Number of protein chains: 2
Amino acid sequence: MQTNSLHRLGDLQLRILQSLWKHHHAGVAQVRQDVGINLAYTTVATMLRKMEIKGLVEHQQQGRRFIYQATVQKDQVTHGLADRFVDHLFQGNLAGAIGHLLETRVVDPNDLDRLEAIIHQHRQTLSK
Amino acid sequence: MQTNSLHRLGDLQLRILQSLWKHHHAGVAQVRQDVGINLAYTTVATMLRKMEIKGLVEHQQQGRRFIYQATVQKDQVTHGLADRFVDHLFQGNLAGAIGHLLETRVVDPNDLDRLEAIIHQHRQTLSK
DNA sequence: ATGGGAATACTACCACGGTAGTATTGTGTG
DNA sequence: CACACAATACTACCGTGGTAGTATTCCCAT
């Protein structure tokens, strides 16, 4: 619910959200399937419950089981993480941050194409 | 020291590292200056000590005081955070991640120019 | 109808980020 | 030389992510 502090999400929470975003709504077992069957069922269930308290997800009951659903949009979370990344490490300099990403990672030509397309399109929007 | 789990750094730790990267080496008081004088001196000192145990920083003694220095490079931390961002949220799709960044943030034309330059340069490197 | 399994509820624990108080110690200055 | 001050050492505490065991409950299949 709270848009603040969205960057504090842990790895498991992130993976759970990922799963829920994919399925739209899913039961504990399904989430656990995505998130890693190495984890105990109760671990996933507990995390889900904690996340519900924090307002990250919600559930409806369907017979015996809980069907969960994310209440935060992927965009919000992405934005939170991006803020942290860009603001903390690059003083808010987005271009610098992206430049660094490109430099320190393997990028294939296709990606470059796609990026140029995005930039191009962006320019259109701006000039309008 | 450990390259793993570098993405788990908290906000304060990130700000401390930022300060150390800037100054190269700095005493507690200096770091505290950067990080926020609203924090108690001991808070910063304690955090620094904890970070030393984790191998993120090290210190040399200079007379009475400790002069700290980061032992992790900014690149490593950036990479760690970027991994989390790109891998968790975009399944490793870097272009997708960057695209999203561009879409959800305010970008001024200058940034677009710089990005295009970077992409261009990158293409050179790749084709070589 | 009843037992077994599936599902949730409750509880507990550890690690660690963040914050800071108190205690101790060393040092420079008057 | 003594003392105030500055700096570190030690300890503590809260919140929360992560993990899971145990207890309870309810439904379905036999």
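Biologist: Which phosphate oxygen contact does B:Arg65 make with DNA strand D, and how should I read such a contact?

Modeller: A polar side-chain atom of B:Arg65 lies 3.3 Å from a phosphate oxygen of DNA strand D, and a polar contact here is a pair of N or O atoms within 3.5 Å. This is a predicted model, in which local features need pLDDT of at least 70 and side-chain atom pairs count only at pLDDT 80 or more, while totals for chains, interfaces and linings use all residues. Residues are numbered from 1 along each chain as written, chains are lettered from A and ligands numbered from 1 in the order written, and side-chain values use heavy atoms, without hydrogens and water.

Biologist: What share of the DNA strand D atoms within 4 Å of the protein belongs to sugar or phosphate?

Modeller: Sugar or phosphate accounts for 61% of those atoms, and bases for the rest.

Biologist: Which residues come nearest to DNA strand D?

Modeller: A residue is near a strand if one of its heavy atoms lies within 4 Å of it; of the 21 residues around DNA strand D, the nearest are A:Asp11, A:Thr46, A:Lys50, B:Tyr41 and B:Phe66.

Biologist: Which element supplies the largest share of the surface near DNA strand D?

Modeller: Helices are DSSP runs of H or I with at least four residues, strands runs of E with at least two, numbered from the N terminus; H3(A) supplies the largest share, five residues.

Terms used. A polar contact is a pair of N or O atoms within 3.5 Å; within protein, one must be able to donate a hydrogen and the other to accept it, and residues adjacent in sequence count only if both atoms are side-chain atoms.
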